[in-house]
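Trainee: I would like to learn how to read the aromatic rings of a protein. Could you take me through them step by step?

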Amino acid sequence: MDLEFVRRTQAFWDWFSVNEEKLSELVQHGEAFEESIPFISSGVELLGEGVNFNIGGDFEFTFAVAGNEVLFFLLPYVTANLPEKYQDKWTFFPCIQGVGDAYHNFRIQGTCVDINGVMVFAGVNKEEGSANLSFYVNGWETLEEQECYNAFYTLMELVIGEALTHGYVHNVEKVDAYKEDMFPLTELKQWMITHFCEDGEIPHPVQRYSGYEKEPKKRDMEDYRPRDDVVVGVANCFPLVSFYEKGDNGLYQGFAKFGAKPLFLYYYYDQEHSKRSLDERNDLMDKLEDHVLGKRGSGREIGLMLGGAMGERCAYIDILLYDYGAFMERVREVLVEFPHMIFGKEFYRGGQEFLLTDYTVPGFVERLNRLHEMGSHDVDAHKEILEILEAIPNEKMDFVLIGMYARALINTDQKEKAIETLELVRHEGEIDALWNWRMGYVLYRSKRILESVPYLQRAVDLGDKAEDTTNLLKQALAYQRKHSKEERKAAKIEEKSKKVR
């Protein structure tokens, strides 16, 4: 990954500190501002390509999201890091705030448009918890329809701000005539605040979580991946969830271009106690925020909580990281006390997966056995066991784990590799009933039935009283007797033929 976002942010503020006096002169005198845009852009581009901004007024520096949704989740971290020595002088905004009813003109196609002449109708969309808008502007009849919409959205963001536009505007429609229930666009900000913002506070998109429900994917799908079992969740960046489900990594790459990494943690929970498991996940989320990510908006956090979900088998925690390295250093200290094996995965379907805890976590083997039991109706459970064990370094794979790995290979029809794996621990296995059963079983399944007999017999002799073992041994012995009888018969025929000659 390119330079992480936390270090890009530091580079921007280093640039700002070096050039603060020059920037102050530009604000105070406003001379040759157009000529200075490339200079300011060179500093802003230290954050990443395509970040828009405006500078002016009373030492105000405003970043603009301008349709790039990932910036809602990145720029607040930047503005929170304004160096203390400039905090009494400069004000930085992470997105366009909106001028409300302040008078402004807007120039389009060489014509100056009075914002007060832009009329809107607003209605509450109760199902979506947002607004449906329609607009009319006298004199825009000559513009192409798309030009009208582009101009209106630009004006609307200037008036009500990008946070309100993003969070609470559901639909916009252009109408061809003024209607009596319309009002000036300049009054829309207050209307939105009155209808959607508690206590008059406009929530930033990262503060606005929405719940969602979905139907889990079928178990027999070949492309089964984590999150396919999700039933319910909550998110402040739902498009990231949606892109994942569609197999589209575009939004993930949008964050990655700025050195940020969206990922999710997941683990298998106790389905018999779902309420307790939900509380357990929420408790872990709180601990991750308090002890790993850091306080949101402090400027010292290394990431942001994006939400979480509960599936039929797994619990999920969604995170955006500004500093991946620092996260990996801190997170294991928290997870070591958590009684589950926990995985991380980059937030797209083909993303890298990694194990954050290891086999020393309490209940590790028991959870693998539970997955194995689930495999009786879902072969993907066996595939997940393989992924889990393959994430453990070879030097940490002991006799028990190697046996479980071989078992998963057998159940995913990788018989030859399973035999090779069992051979790795033959010295210990020859005196172990379970190892002998597995070797006998996979040989039998590989149509090496005669070879399976001594292993199945050894398993029984070592105390394996399982019905599966005794039944398979009976079948193997019956095959052996039949094979021996046929061999004796063939030998007699051969002997007789020799006498004839």
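Trainee: Are phenylalanine 16 and tyrosine 86 buried or exposed?

Mentor: In this predicted model, phenylalanine 16 is buried, and tyrosine 86 is buried as well.

Trainee: How is a pair of aromatic rings described?

Mentor: One gives the distance of the centres and the angle of the planes. For phenylalanine 16 and tyrosine 86 the ring centres are 5.4 Å apart and the planes stand at 85°, so this pair is edge-to-face. Because phenylalanine 16 belongs to helix α1 (residues 5-29) while tyrosine 86 belongs to the loop between α3 (75-80) and β3 (91-93), the pair ties together parts that are 70 residues apart in sequence.

Trainee: Which aromatic cluster do these two residues belong to?

Mentor: They belong to a cluster whose members include Phe12, Trp13, Trp15, Phe16, Tyr86 and Trp90. The structure as a whole holds 39 aromatic pairs.

Trainee: What is the geometry of the pair formed by tyrosine 267 and phenylalanine 338?

Mentor: Their ring centres lie 5.2 Å apart with the planes at 80°, so this pair, too, is edge-to-face. It links distant parts of the chain, with tyrosine 267 in strand β12 (residues 261-268) and phenylalanine 338 in the loop between α10 (324-335) and β15 (343-346), 71 residues apart. Both tyrosine 267 and phenylalanine 338 are buried.

Trainee: Where does the charged end of lysine 261 sit?

Mentor: The charged end of lysine 261 sits over the ring of tyrosine 324, at 5.2 Å from its centre. Arginine 227, in turn, lies over the face of phenylalanine 264, 4.9 Å from the ring centre.

Note on methods. Residues numbered from 1 in each chain as written. Predicted model: local features only at pLDDT ≥ 70, side-chain atom pairs only at ≥ 80, totals over all residues. Heavy atoms only, no water. Phe/Tyr/Trp six-rings, centres within 6.5 Å; stacked < 30°, edge-to-face > 60°. Helix = DSSP H or I, 4+ residues; strand = E, 2+ residues; numbered from the N terminus. Buried < 20%, exposed > 50% of the residue type's maximum accessible area, 1.4 Å probe, protein only. Lys NZ or Arg CZ within 6 Å of the ring centre and 35° of its normal.
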